[in-house]
Each structure stands twice: as structure tokens, then as C-alpha cells.
Amino acid sequence: MNYFEFESILQNGCFISLFCATLFSWWETTFTNVFNKKIIFYYQKNKFLFQSRLFVWFSSLFLGTILITRWFISQHAPLSNLYESLLWLCWGILTFGLLGNQSEITHSSVVAVISSSALLINGFANLSLPLSMRTPSYLIPALQSNWLLMHVSVMMLSYSCLFFGSLVSLIFLAVSKKKLEISFSLQFLNHMLLEKEKNILFLKTLDQISVRSITTGFCLLTIGILSGAVWANEAWGSYWSWDPKETWAFITWLVFATYLHFRVFQRWEGFRSAILASFGLITLWICYFGLNWLGQGLHTYGLFTNKI
Amino acid sequence: MMASTASLLTPHAAKAAQSWLSQNANLCTTSHSSPQPLFIGGSCPFRGRASRRRNAAIVRWDSGGLKQTSSSFEDICQGCRLQGLGFGLGSGKGRGLRRGPVAEVVGGQEGAQAGASGRGSSNGASGVKVANVPPPLKIQGDRTQNGGPNQNGVKLFNGEGDGVSGSATNGSAANVSVSNGAPANGAKQPLNGNAKQAPNGKPAALVGSTTEPPNRIQAPQFGNGVLALPQRLWRRTLRSLSSLELAIGTLLTVAALSALGTVVEQNKSYQFYINNYPEENPSFGFLSWKVLLDLELDHIYTSWWFLSLLAFLAACLMACTSTRQLPMAKVARRWRFLKSKAQFRDMDIIEELPRAKAADLVPMLTTKGYEVFMKGPAVYAFRGLAGKLGPIGVHIGLILTMAGCAYSATAGFDGSSMTPQGQEFFIGDILKPVGILSRMPAAEQYRVHVNNFSIDYMPNGNVNQYYSDLSIVDLNDNEVYHKMIKVNDPLRYGGVTMYQTDWNLASLQARVDGGAPFRLPMAILDDGVGKTGKLFGTFLRTGPAEEPRGVSLVARDFLSVAIYGPDGNFVGVRRPGSNKPITVDGKDIVIEELIGATGMQLKYDPGVPFVYAGFGTLIVTVIVSQVSHDQLWALEEGGALIVGARSTKNKQSLPGDLDFLFDALPEYLPSEEEGRSMERAASGRNGKKASVAR
């Protein structure tokens, strides 16, 4: 079996696993009204059916294996173009989503969101990008540096954390509108709470998850931007050249700095900070993804090759 | 500030003031070097600095004493206010008169009443009853001088005053009490403890300060002398610049304008804008090329308004750091005890534990890494102070980075060169100044000689890496330095850095019909944007001079040359150096070699060390800011222990952690006699209950 066959097995496995994770977590989220005795009974009899978290772990494992084999085959860190960075983003969202989601209360909603977004990203990467981008290839001279691993990986991890935090804020916004019922995780059945307490606990936990992952993402984003600046100085002699990607990373940094400041100083916890985080999500997405379609600047390794 | 002078205060009032000061002075920070009286515009009486307040009071100060005309204000500086300090603790949102002695002491009779009513019950005494005032604190050494107090130690305050402060109760008008022992040098400096009036009515020597400027209380203005007005303007500017909303607004404006710069193409030619933003059909109805160029939208990032906005942001940052964060840092290391149950609010967790004792908390907290302070029934503990100080470091890192960038932009040199193999250039010729402070480095006199330029290929023919072999040669033709550079591996000499950034094919050497070799310069046909590489071409004349008839030689890299005949048809491909002739238009052409040119970027940037220092600071402090600052207060009151806790980053795990703590706290059951008296009280006088007879 050559590399391509191996990789396609892994990719398919990952996709299927993500698909199952999405399905099961959506089902869990929709049907876990705690006070429905039939569901509780069914759950207690068939616990193995309600482990969407497990499928997310599987996908994360598949993706990790794909990335590692790519690393071996191409002999450089798998971060050279849009396809590979999308894979990293997927992996990061899944892993950080699981790690950051320790609370029993919210985990089925969180898993629902991260598995569906990872499914979409993975699907796009594998189905819509051209084959030339998907095959592992050589690095262009400008990327042949140890900085590649340091800068780009930290940026991708920070994007994952920020993306995850902003997604959780979106859940917060959706749920706090009071039109959607809170769906507690089935694992949380033992805790009998009043409806109102349930709401508050759920929202508070979401808020905390979101702020912690955004804070981690912010630290990583700072390190990523600064390491990028140092690399640029070593490679091209200028640590900041207002390249679109650099500029948008800076804007993302500013938006999330605003988020942190308002949380601390204006005490904007809860609904208002979720709005800010959603705004940050839009900025983040433009920064990471939207700019590849612009086609200009030093960072367009994705769709068009660079000049040197 | 209060002092002594009988001209301003009645003895009664002075006593009240002193006692209040003496018990509360430890709350605020050190060295109130020139505490100011309240006046219009307000300043913190403890810190003599401009204060920020929400509901400012108009306070008038005349020779009879302070007359207060409004009752809701909180005229303390931001540092104290943010810590909830000052006169009453807690985050009093304009809760009436929570002022210090100055406010209470409204000359003469009214003073007593105002003192009694306004002060609230926090010390249980009105301004008049001096005797009830608990004695002031004794501090074991000045905290600021201690360096590191033992991290897990407990500071106990035994509540004894030092001898001097007892004079507060003496009733003499002229007293200035040294309320908190140990000033900086560790020796007590009692000011005149006798009834003699201090010559200039020195205010209380509070912690740390031993020399006070002359009393300025009489003058209802900020200060004396020429500097009064500029000082006042400066403080007002500083105050308005340190507004968070302003800073965030500027930040977001910078963000929006930067985003604009990614949408409008930057640094393109004049013609580009004329073509793409036509006057006849302007974008959005108004954005034609004229408007665009007038507004400097073609170089947003170097336009004057963008740079001023950045400078303004830097100013806001500096103001915020100095007026808010630095005071907050000083204050955060202090202790603050809560004195009554009512003050426990605005916290993440507040619990009441019946029949528990504060002293039990102490060892438990210290094992968890808290730094604990205890005074009587009150306990204050904190840990993770780094988390409070981290953001200051972040701001400082940002300021350092911006300063470095500004320095680079005004004092650097820049330039690029495209030098064919075998040629050289003067460094001083290539470097061009970037700003007004640029001083040409000493390396300008050296020449860079390009010995060789080569390309490394990958198995599939793509370029792997570019190499330039360079020698630095001085004026006497001695080689002083030699290096082979490639992308990501520049040459550094004398502060000047040379980066491999580009390359060209400069010329082609060929022989026609076995004649002497000659070189033809090559030109770029296509600079490769959007395609996989550049294209160079040259023209070899094969016909007579009058006819423009010849052979086109086209090459992408050093590997091969494509030959096209006079009619434009493809004839063949040759590898340079293969010595294999090709016959075109009746001539045998041998392509001998392709000579490359190396494109380099030269830079001299004196601001880089500062920028890197700023980067390093930022990275470290951003991580340190994630440390959670946890605070815990406890107070034994009414037979129960009230515990309040607050955390900046650990809000989720705080309940769990504290539950663990609370469960471990012993509960002291009432003793037999207490139990009996409780029962007796409960059952009335009948004594029906079976109590043990005495």
C-alpha cells in the first residue's frame, strides 16, 4: 500500500467518524430533555449509543495520524499551504474542544458545535480543494526554515482556541435568547435542579469555557504574531510590512484584546461579551480564510505560488 | 493634611481628624508627599494626585474650613477606588458621604454633627468620640522595604500603637501623629508630641514619608507658583487620556483603518489608481482616484493621520499605565481588612459559617499558597499577585515595541540591489535613509562583491534554494568577510544586514558559428506573478544589421534555454554548458552559460533591539497575566465566620476549592455554660429544662 492509499483510508475514516459525531451529538442535544423519563430510561440502558465524545476523539486521532504521516513523507512540517493548515485547524478545534470542555453540564452542545464545524471544514478541505494542493510537496525556499514550525503551528493552535471560544459564545447567544430549550447533557442527569438554576448554570459554564479558551488563544496569538514578525525580520529584513495577512492578524488581536478589556473593566460578562466574541469570530475567519481569496501579498501560499 | 493649625480647625475637629487618619491611613499607599485639600476639581487627599470620579462634588474650601455643598461624591483617585479602598472600603458607588476627616470636619460645631452622621458606622464612632477609636496599627517594618515577605507567612497585627500616636488622644491641638511606625529607615520619627504648634503644621507622617513640604492647606489651589497651571493642565490631560473607552475606541479605529488598507490596494502606481478608480464612475459614488490620492489612501499605513492615530494610542496606553495600573500595582500588595458584614459584597462567593474561627483559616490558606494577613477578627489573603501585575508588563511591552518601531522608522536605512554575478556595489550607494534621524553606519564604505550565484533544484525541477556567495571588501581591496547567503540566512556586517530576496538572469553567453563568445543581456519577460516562475529572454541577431531578424532565446532558470526561430516557431531546447550546437536560421549557436544576478535587500535598523525587547516582554507577560489573582476575606462577627472570595481567572473552580476549605473548618460547639444560658434564655425563667444545677 502506498502513501496515497493509506492517507485516503485515514481521511475517509476521519470523515465518517466526524459525521457520526455530528449526528449523535445533534441527537443528544435535541432529545435530552432531562425530565423525559422514557429518554432517561433508554439512556441508562444504552449508554454506549450516547458517546458522541468518543467519535470526536476518533476523528482527532485520525487527523493526527494524517498529519504525522504527511510530516514523514514530505520531510517538512505539514504547514505549507491552505489544505494542510485546514487540517491543523480541524485537529486543533477537536482536540481543544474536548480538552476545554471538562464540564458535564454543557458538553453535548459543545460537542455538537465543534463536530459539525470540523465536519464542514474537513469536507471542504478534502472535497473542494484541488488535488495539486492536497498532495504533499516540496517547500518553497522562503518557507525552508525552522520558524515555519514555530510560527505557523502556534498561529493555527491559536486560531483553533479562538475559534472554539467564539463558537461557544455563539451557543451562548442562541441559548440565552430563551427561545431554545436548554439541553443538559444526559450525563448530568443526577443533578436535579430547577429550570431557572439549570439555565443559569448552563450559561455560566458556557461563559467560563468561552473566556478561558479565548484567553488561551489570545496568548498563543500574541506569540504567533510576534514569532512571525521575528521570522520576517530574519527572512526579508522587515518585521512588519502591513501585508494583508499580518494586518488582519493584528486586527484579530485588537478585537480580542477589546473583548478581554471589556470583560474585566466594564464587567461585560455574559451576553455582551458573547456578542464581542462573535464579532471576533468573523474577524478571525476573514483573517485566516478570507484572505486566501485575495490573491496578493506575501502570505498567499495557498492558491497561488509565491514569487521567490 | 489635616493638621494642626488652629486657624482652620477646632481642637475637637482636629482630634477627630487625626484619629480617623491614624486608623485609616494604612489603607492607602505610601508616601503622601504633598497631600492636598479638597477643592474644586478634586484631588485625592491621600495621594495628592488627580482623581477620577463619577459624581464629583463641588467642594469649597475657605478660611473657616471645608464646607461641603454636595453630598454624593467619592473623590479618591482611581487606584484607591478600583481597589475599593478609601475611607469606607467596598466599591461604594457614590454612596453618600464616605469621606475622610476633611469632609467631616466642617469648621466648628457642624463638624461634630457631620462627623457623626456622615461617617457611617464603619468604625462605630462618630468624629467626636475619640476614645472609642481603636488604636492604630503597628506594622512590622515597612512593607515596601521588605522585598519579599515570607511567602507563606502570616502577618499579625497586634493592634498596639506606638507611643507617639497615643498623643492623638491628648487633646492638644498641635498634634501630628505618627500613626504607622516605621518609616523607611526603620526609625520612628515622632514629630512634636507636645502642645506646641508645629511651625508649618506638618501633616501626619504616613508610612514611608518623613519629610513633608510646607503646609499648603490655606491656599485653595492646586499648588503654588509658576507651575500651577501647567501642572493642572497636565493632570487633566493625563486623566482624560487614561479613559478606557477612549483607548478602546482608538484601538478599534486603528483596526478599522488597517482593514481598509487591505481592501484598497496599497503602494501601487499612479496609473493603477487612475485605471481602477475612474472619475466617471467612482466607487460608492465618490471614491475616484483623485479623492483616493488626496486622502492618502494609497499609502494608509504611512499617512500622517494613521501615524498620529498610532501615536495617540501610544499616549493613551502610557497614560493608562501610569495613572491606573502602577497605582493599582502598589495597592494590590497591601492588605485590606473588611470590618463589617455589610462590606462583603461584589464577590464571587460569600459564605457564612456558623461558629467557626478565623484563626483556623490561616494555616489552611497558607498551605494553599495564599499570603495571609490577620488582624483580630479579620483575615485577608491573596495569591497570584503576578496575575495582577502581568497586564502592566503587557502594556509596557507594547509601549516598548511601539517606541522601537518609531525609532526604526526615523533612524533606519533601507535599500535593494540586483547585482550580476561577478560584480560589486558600495553599501553606501544602496542604503537610503528612511527617516530624519538616520545616520549612515560605518559599513557604508565597504563593497559587496558577488562571487557566485547558484540555484539548487529539487528532483522535479522546482527551485529548492538560492545561494549567493558574497565577499565584503574594504577600500584597500582586502576581503574582510565572506559568507554564502540564502533565503532565511542573511549576511550581517557592521550593523547592516543583507537578505537574499530575489534573483534574475542577467545575461547569456553564447558562441555563433564557432566564433568568440559574447554576452547578451537578458530582460524579464514576465515577472511571474500568478505563475510558476519568471521568464527571461534575449535576442540574438542572425540577419544583417538593417533587418530586425534573429533568434529569441528564452529561459526560466539556469537549467535550460528555449530557442525560437525568426518566424516565432519553437526550434529546440539546450542546456547551458552542454556544448551542443543548435542550427537556427543557418547559424550554429552554442549556448555556453547563463549568468545570474542576485537580488538582495539591505537594511540597517537600529530600532530592532528595542522591538525585540518589547516582543520578549510581551510574550512573557501575556503568559504571566493568565495567573489568577485570588483574594479572600474573612471576618468573625456575631458568632459566625463570614468568608468572601474573589478570583480573576478561576471563577469556575473557586466554589469547589473553597468547599474543600470550608468543610475542613472546625465548628466550635458552644461550651456547657453557654449552652445552659442559651437554654435558660430560650425557656424563659421557669427553668423547666433539665439543666445541671450549679
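**Reading a two-chain model**

Tutor: T419(B) counts as buried, because its relative accessibility is 5%; buried means under 20% relative accessible area, exposed over 50%, and partly exposed in between (1.4 Å probe, protein chains only). This is a predicted model, in which local features need pLDDT of at least 70 and side-chain atom pairs count only at pLDDT 80 or more, while totals for chains, interfaces and linings use all residues. Residues are numbered from 1 along each chain as its sequence is written, chains are lettered from A and ligands numbered from 1 in the order in which they are written, and side-chain values use heavy atoms, with hydrogens and water left out.

Student: Where does T419(B) lie, and which residues does T419(B) touch?

Tutor: Helices (H or I, at least four residues) and strands (E, at least two) are DSSP runs, numbered from the N terminus. T419(B) belongs to strand β7, residues 413–420 of chain B. Contact means heavy atoms within 4.5 Å. Leaving aside residues up to four places away in sequence, T419(B) touches E424(B), F425(B), V450(B), G596(B), A597(B) and T598(B).

Student: How many helices and strands does chain B have, and what part of chain B counts as buried?

Tutor: Chain B has 15 helices and 24 strands. Of its 694 residues, 47% count as buried. Among contacts in chain B between residues at least 6 apart in sequence, those that join residues at least 24 apart make up 59%.

Student: What does the UniProt record place on chain B?

Tutor: UniProt positions are given in the numbering used here, feature names are shortened, and annotations may be inferred rather than shown by experiment. An unreviewed UniProt entry places "domain: ResB-like" at residues 245–509 and 594–657 of chain B. Over residues 245–509 of chain B, the model is 38% helix and 29% strand, with the end C-alpha atoms 67 Å apart. Over residues 594–657 of chain B, the figures are 33% helix and 42% strand, and the end C-alpha atoms are 74 Å apart. The unreviewed entry in UniProt also places a "transmembrane region" at residues 304–326 of chain B. In the model, residues 304–326 of chain B are 100% helix and 0% strand, and the end C-alpha atoms are 31 Å apart.

Student: Which side chains are joined to that of S471(B) by a polar contact?

Tutor: A polar contact is a pair of N or O atoms within 3.5 Å; within protein, one must be able to donate a hydrogen and the other to accept it, and residues adjacent in sequence count only if both atoms are side-chain atoms. The side chain of S471(B) has a polar contact of 2.7 Å with that of N451(B) and another of 2.6 Å with that of E479(B). S471(B) lies in strand β11 of chain B and is buried, as its relative accessible area is 5%. Among the other residues that S471(B) touches are R447(B), H449(B) and Y481(B).

Student: How is a salt bridge read, and what does R447(B) meet in one?

Tutor: A salt bridge is a side-chain nitrogen of Lys or Arg within 4 Å of a carboxyl oxygen of Asp or Glu. By this rule the count over all chains comes to 12 salt bridges. In one of them, the side chain of R447(B) meets that of D477(B) at 2.3 Å, N to O. This pair links distant parts of the chain, 30 residues apart: D477(B) is in the loop between β11 and β12 (479–486) of chain B, and R447(B) is in strand β10 (residues 447–457) of chain B. D477(B) is exposed, with a relative accessible area of 55%, whereas R447(B) is buried at 12%. In another, D489(B) and K486(B) have their closest N and O atoms 3.8 Å apart. D489(B) is partly exposed at 25% relative accessibility, and K486(B) is partly exposed at 28%.

Student: How many salt bridges are there between chain B and chain A, and why does the pair E234(A) and R492(B) join two chains?

Tutor: The count between chain B and chain A is 1 salt bridge. The side chains of E234(A) and R492(B) meet at 2.7 Å, N to O. The pair joins two chains because E234(A) lies in helix α8 (residues 195–236) of chain A and R492(B) in strand β13 (residues 491–493) of chain B. R492(B) is partly exposed, with a relative accessible area of 43%.

Student: What area is buried between chain B and chain A?

Tutor: Buried area is the accessible area (1.4 Å probe) that two parts lose on being put together, summed over both. Between chain B and chain A, about 4400 Å² is buried, and carbon and sulfur atoms give 65% of that area. T262(B), N488(B) and Q652(B) supply 15% of the area that chain B buries against chain A, more than any other three residues. The contact takes 51 residues from chain B and 44 residues from chain A.
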